[in-house]
Amino acid sequence: MGFVLFIGDCGISKMPFGIRSVSAERVRLIDCPECVVVLGYGAELPVVRSAAGVLINGDCGGELPVERLGGVQLITCGRCGKNTVCLTSDSGETVTAALNRAVTTLYGVCEPLEYPMERLPGTSEFGCMAAFAAAVLLGKIT
């Protein structure tokens, strides 16, 4: 089943695909294998003992304390094709998101794919990519 935990401002107000979500300004510890963590702009990375994945903005740069991840997969979302997730087209109302490499989901492995989806009003590029990546990790998109 799973859910998404937004930490800080992630540029998205509602998750598509019927995925449950919760928001927090700051979290110290995460130990939930069915949770996808989305780290927003300027948010501090908590200690993550277990999670389906941690999503960050790959365009922001900077050092990330990866020792806090405890082996949890890190998924970068950004404009550059070197990120795990990027957008290949954006018409304003619709975007096409791309998974550029295989990731481990709650139900196995998802191979690279592209997926067209509706952009919810007020959702940033990062929010679209994070929604797509979370849906893949939670098995809503295969």
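Colleague: What makes arginine 79 exposed?

Modeller: Arginine 79 has a relative accessible area of 63%. Residues are buried under 20%, exposed over 50% and partly exposed in between, with a 1.4 Å probe and protein chains only. Arginine 79 is therefore called exposed.

Colleague: What do these values rest on?

Modeller: The model is predicted, so local features need pLDDT of at least 70 and side-chain atom pairs count only at pLDDT 80 or more, whereas totals for chains, interfaces and linings use all residues. Residues are numbered from 1 along each chain as its sequence is written, and side-chain values use heavy atoms, with hydrogens and water left out.

Colleague: How do you know that arginine 79 and glutamate 125 form a salt bridge?

Modeller: The N to O distance between their side chains is 2.9 Å. A salt bridge requires a side-chain nitrogen of Lys or Arg within 4 Å of a carboxyl oxygen of Asp or Glu, so the pair qualifies. Arginine 79 is in the loop between strand 7 and strand 8 and glutamate 125 is in helix 1, so the bridge ties together parts 46 residues apart in sequence. Helices (H or I, at least four residues) and strands (E, at least two) are DSSP runs numbered from the N terminus.

Colleague: Why is glutamate 125 called partly exposed?

Modeller: Its relative accessible area is 27%.

Colleague: What makes arginine 68 and glutamate 44 a salt bridge?

Modeller: Their side chains meet at 3.5 Å, N to O, which is within the cut-off, so the label applies. The pair links distant parts of the chain: arginine 68 is in the loop between strand 6 (53-57) and strand 7, and glutamate 44 in the loop between strand 4 and strand 5 (47-50), 24 residues apart. Arg26, Glu44 and Arg68 are linked in a network of salt bridges.

Colleague: Why is threonine 96 counted as buried?

Modeller: Threonine 96 has 16% relative accessibility, below the buried cut-off, so it counts as buried. Threonine 96 lies in strand 9. Not counting residues up to four places away in sequence, it touches Cys86, Leu87, Thr88, Ser89, Glu114, Tyr115 and Pro116, where contact means heavy atoms within 4.5 Å.

Colleague: What is meant by a nonpolar core?

Modeller: A nonpolar core is a set of buried Ala, Val, Leu, Ile, Met, Phe, Trp, Tyr and Cys residues joined through side-chain atoms within 4.5 Å. The largest has 34 residues, of which Val4, Val36, Val38, Leu55 and Phe132 touch the most other members. Helix 1 gives the largest share, eleven residues. A second, separate core of 15 residues includes Leu45, Val54, Leu69 and Val72.
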